[in-house]
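Me: I'd like to go through this model with you, one topic at a time. Could you start with the terms and then take my questions?

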Amino acid sequence: MKRLNNNKGMALITAYFVLSTLITLSVGFAYSSINELRTANRYKDSTKSFWIAEAAINDFIADTNMLNSGQPNVGCENNICAKEYTLNSYEIYLQKQDTASVRYVSALATVGGIQRQIQVEFPANPPDVFDNTISSGGNIALSGALAVLEVYDKTRITGTFTKSGIGTSGWFEDKQQGVSSTLTTLKYPDSNNNGTSDEFNDFVEFNRDIVSTYDPAEVVYIQSNSTQNIVPNTQLAGVKIIYVEGTSAGAGDVNVIFNATWQANQNITVISTGTVNYIQPLTVATNSRLNTIAWDDYYEPSILYSTHSGVTYAHDLATFREVFDYSISDGSVIGNNGMTANEVVAHKEFNFTNPVDSDGNVPPGFEGLVGESSGGYVSTPSAWKEI
Amino acid sequence: MKMNSKHAVLLVIALILFTNLTNRIINALITQDSKIISPQLTTAKPIPTDTKPSKRKIIQSEKKRYPLVPDDPAKYGIISQSKDEVPRTQVGWDLFMEKAITKSKVLEDENANPALEKMKKTSEEFQTREQEVTKQISLFEKRLEANPSDEEAQERLQTLYMLRSLGKTLKDKVVAPAP
């Protein structure tokens with residue numbers, strides 16, 4: 001065997017060793033860079049899909065009809081309508097679901113296989129009756145002696161206006177008769193799921209559900225067939241709903257005597273399964289409102305000057321009788337079966353005050369209570385979240 | 001240690017190959033990336049015609065619900081009257097208003113002042129209102145006498161009794177003193 005007596009081979013070995021070290025380092029560096037690049041790309045795709053989803057939501061806000069049944073490429077199933085389309089070559093899946101109280105819209109965007117979904121909620125649009133000063137699902141009848149009825153803004157009557165008595169006069173700024181009852185009434189949804197809406201049990205279930213969403217400190221829930229007389233009391237400060245529930249239709253009457261809303265900015269609703277009598281109304285505290293919901297009738301008598309601010313809703317008749325002085329109602333009056341006014345040497349004035357606040361919220365107790373004609377979306381979503 | 005030219009050439013070739021290979025990989029990734037950054041502005045992908053809401057579902061926000069526990073009306077100053085307890089006479093309503101309004105001292109509350117101020121009347125004006133109510137009361141009392149089962153007359157009489165009682169209760173606060 002030939003014996004090498006020089007160290008020339010070492011150079012090659014050293015070179016290979018150095019080379020392999022360099023290659024290992026370089027491959028490691030390249031691998032790390034590639035990984036970082038992939039992570040950055042994933043992050044970029046994720047961010048992109050988020051903003052694409054956001055853009056799709058804005059597409060919807062710009063055209064709230066785009067997901068309506070019958071629109072191109074829109075499919076509907078179980079009250080959910082959806083559409084799949086591309087925006088700058090990115091896939092978007094946009095869907096909406098309308099419930100009685102909330103409209104949901106969701107956008108799912110896919111970029112580079114990464115999906116992100118944004119969902120917004122809109123409060124249900126207030127029903128048309130909230131645009132009117134008086135909405136009467138039946139007739140409006142004025143009677144009395146030397147009585148004056150004055151209604152500013154819109155009066156919508158499904159029936160007709162009639163007057164009788166000595167020296168009675170009715171003046172309406174904007175009156176329309178023979179209007180469809182869908183524009184003059186509020187119906188209760190089928191809350192007990194028996195297939196028929198607007199029944200007494202629907203009324204009870206609906207109100208129980210609404211009331212249970214409020215903090216117990218904001219609610220007075222009375223189960224009784226007796227008449228409840230509500231008089232001013234400091235314990236009612238902060239209360240939003242007083243719900244008197246009788247066991248049958250017409251039971252659980254409420255007398256609101258003189259005034260029950262003496263707190264500024266208090267927006268309170270009295271709900272009764274019977275009738276509501278608001279005797280000598282006076283809501284004078286700043287921005288305070290007293291709304292009433294009666295399954296049966298609503299009555300409002302007054303002996304002295306009276307003012308009332310709020311929404312008055314009677315599932316049956318809204319009656320302003322035994323009015324003996326100047327009386328002003330600001331807000332909206334809804335009488336599903338009609339309205340009557342009976343005055344004696346008196347002047348009854350109705351003015352419109354929007355019951356819906358700037359965020360689209362209706363008064364307590366009216367949430368989800370929509371007319372058959374109610375639809376569409378308010379301009380600003382009430383909630384936003386990524387799901 | 002000396003490196004001959006053959007080894008040096010091999011080393012240079014290996015380095016060139018390695019650098020080239022690494023560059024190709026990185027360039028490939030960057031090119032792919034830049035394609036994403038500059039998307040085509042066309043919606044070339046056909047929209048499916050059988051769109052169905054089968055993708056990720058909408059999540060309905062469930063409002064928090066509290067158990068419904070009936071309240072005691074008395075806690076809120078609400079006066080409960082069973083059918084038998086509802087006053088049927090003027091005296092009965094006078095007693096009721098006395099209890100509900102005067103004894104509860106609600107008219108002493110400072111928030112009551114603006115309301116009472118708005119209702120201010122001269123003694124004559126107040127008397128006129130009372131007389132009109134009294135006239136209506138006698139009208140419905142007669143109607144009820146003639147037909148005791150006249151429900152409308154009964155209801156309206158109750159309302160008128162309530163109004164007259166409330167008027168009596170408020171009288172001292174709303175009638176402006178004579179100048």
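Reply: Two strands pair if DSSP finds at least two bridges between them, and the strands themselves (E, at least two residues) and helices (H or I, at least four) are DSSP runs, numbered from the N terminus. This is a predicted model, in which local features need pLDDT of at least 70 and side-chain atom pairs count only at pLDDT 80 or more, while totals for chains, interfaces and linings use all residues. Residues are numbered from 1 along each chain as its sequence is written, chains are lettered from A and ligands numbered from 1 in the order in which they are written, and side-chain values use heavy atoms, with hydrogens and water left out.

Me: OK, which residue of β5(A) stands opposite A:Ala107?
Reply: A:Ala107 faces A:Ile118 there. Strand β4 (residues 102–111) and strand β5 (residues 114–123) of chain A run antiparallel and are joined by ten bridges.

Me: And what's the strand order in the open sheet?
Reply: The six strands of chain A follow the order β1-β2-β3-β4-β5-β24, with antiparallel pairing. At the edges are β1 (74–77) and β24 (383–386) of chain A, each of which pairs on one side only.

Me: Switching topic, how many disulfides are there over all chains?
Reply: The count is one, taking a disulfide as a pair of cysteine sulfur atoms within 2.5 Å. A:Cys76 and A:Cys81 form the disulfide, with their sulfur atoms 2.0 Å apart. The torsion about their S-S bond is about 110 degrees, so the disulfide is right-handed.

Me: Is A:Cys81 buried or exposed?
Reply: A:Cys81 is buried at 10% relative accessibility, whereas A:Cys76, at 37%, is partly exposed; buried means under 20% relative accessible area, exposed over 50% and partly exposed in between (1.4 Å probe, protein chains only).

Me: Now the aromatics, how many pairs over all chains?
Reply: There are 16 aromatic pairs, where rings of Phe, Tyr and Trp (its six-membered ring) pair if their centres lie within 6.5 Å, and planes under 30 degrees apart count as stacked, over 60 as edge-to-face and the rest as tilted. One of them is the tilted pair of A:Tyr188 and A:Tyr313, at 6.3 Å centre to centre and 35 degrees between the planes.

Me: Where do A:Tyr188 and A:Tyr313 lie?
Reply: A:Tyr188 lies in the loop between β10 (169–176) and α2 (200–212) of chain A and A:Tyr313 in strand β19 (residues 306–314) of chain A, so the pair ties together parts that are 125 residues apart in sequence. Both A:Tyr188 and A:Tyr313 are buried.
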